[in-house]
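Visitor: Could you walk me through what can be computed from this model, taking the lining of its cavity and its charged pairs in turn?

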Amino acid sequence: MQPQRYQEYFDIVDPISAVGFKAPPQVIYCGPSNKSVDAVAKYMLQILELKIIRVYGDLREQAEFPIPNKRKHLKSSTDDEDEELKAVSLHHVIRRDPCPFASQLQEYENSFKADREKGVRTSEKEVEDYRKLIGEAENWALQSTGVQIILCTCAVAGSPRIMKSCNNIQQCIVDECGMCLEPESLVPITCSRARQVVLIGDHKQLQPIIQDNLAMTLGLNVSMFERLSKRAKMLELQYRMQKDICKFPSNYFYDGKLKTDPSVPTRDLQLQSFWPTNVPMAFCHVEGEEESSAIKTAQSNEQSKSNEKEVRKVVHVARNLVYKHDVQASDVVILSPYREQRSKIIAVLQGVLRCKDILVTTIAKSQGSEWNYVILSLVRSLKKDELYPEPSLHWLREHLGFLTDEYLMNVGLTRARKRPLYHW
């Protein structure tokens, strides 16, 4: 949706006659991260009958429209903001037509810019008036434009702008609830005052991240969704993976209940000559050598690991898919649990012309996404004579690290539509 179509998108109510106005019946959709919420917002934009608004936190808004007199400007977080979503993002909606407050906001912001250029401090009264005007504009956008669905993170659902303006929420949906801390899930449930609450998630995939051992011992690592999972209804039909890919996750994680819809293709003729087996998944044994990154960088954790031999094997497979079998780079993803391995694979792919656009990311960041072809680089490697036939839990954690996390492995194993290729 383009911004110029905005005026046709909302049902406009006169802000003067809307004083004390109650919002129309609305649904609030929440998720644990901006990425997860943005993905759903983009799908909803395709449904023209829906009137949605995407509400971000103060960090996103103030990176673009800074509040004067702050000691330090907030670090910009707009680099990954989707241009398409600007048409329905609250902080953009209130700054353009037909918002009746847009021109006043523009005047304030031009004045603030002039003050910054002159090195003059803006008066506190002017800043206070500006904040009040933003509040009025947000109230107009949320209550008086016919918005049906509000999309935000769980944390933002507890913000004053939502609690004040969204006073007629009929349903609260918390998606990816298995990843949310229980207090995180409670924010939209309690603050929205919704008549109905829907929790959506998979407690067999990524869990809440807890770093404090005491908090974990006391149960904070158990999400609300997992705690209530025995009362949940399982959606047993999946439309992504081929039947043979689905078989192991179904049996191991879901008691054999996960089934594949007949509409999912069962054969991939494109790779028949390349694929080493009759089933759509293959395991490549690579006897490499693990390396730990010694320096903490923006790309990897201090103790992150990599495997150079596996890097070369992964790139070799990616080149074959793209050059010999005409697979589009956008149809391939390379996943690894280790950020250092990711960084090294990206560096090598930059020298391969048609493979530059292949996405390389961590398994954790891939949750909720899917690709035709998945190359999974697991990094860890030991010589045969160093293996224990009956390893202890301590040994497994020391030598396998992330690979002992069944939830993470379930995510990695279920991203491929057609063919997953595992390297270890």
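**Cavity lining and salt bridges**

Guide: By class, the lining of the largest cavity has eight nonpolar residues, no polar ones and one charged residue, where Ala, Val, Leu, Ile, Met, Phe, Trp, Tyr, Cys and Pro count as nonpolar, Asp, Glu, Lys and Arg as charged, and the others, Gly among them, as polar. This is a predicted model, in which local features need pLDDT of at least 70 and side-chain atom pairs count only at pLDDT 80 or more, while totals for chains, interfaces and linings use all residues. Residues are numbered from 1 along each chain as its sequence is written, and side-chain values use heavy atoms, with hydrogens and water left out.

Visitor: Which strand gives the most to the lining of the largest cavity?

Guide: Helix H12 (308-324), strand S13 (371-377) and strand S14 (416-423) each supply at least two lining residues; helices (H or I, at least four residues) and strands (E, at least two) are DSSP runs, numbered from the N terminus. With three residues, the one that gives the most is S13.

Visitor: How many residues apart in sequence are the parts tied together by Glu182 and Arg227?

Guide: The side chains of Glu182 and Arg227 meet in a salt bridge at 2.4 Å, N to O, the term standing for a side-chain nitrogen of Lys or Arg within 4 Å of a carboxyl oxygen of Asp or Glu. Because Glu182 lies in helix H8 (residues 182-191) and Arg227 in helix H10 (residues 224-227), the pair ties together parts whose separation in sequence is 45 residues.
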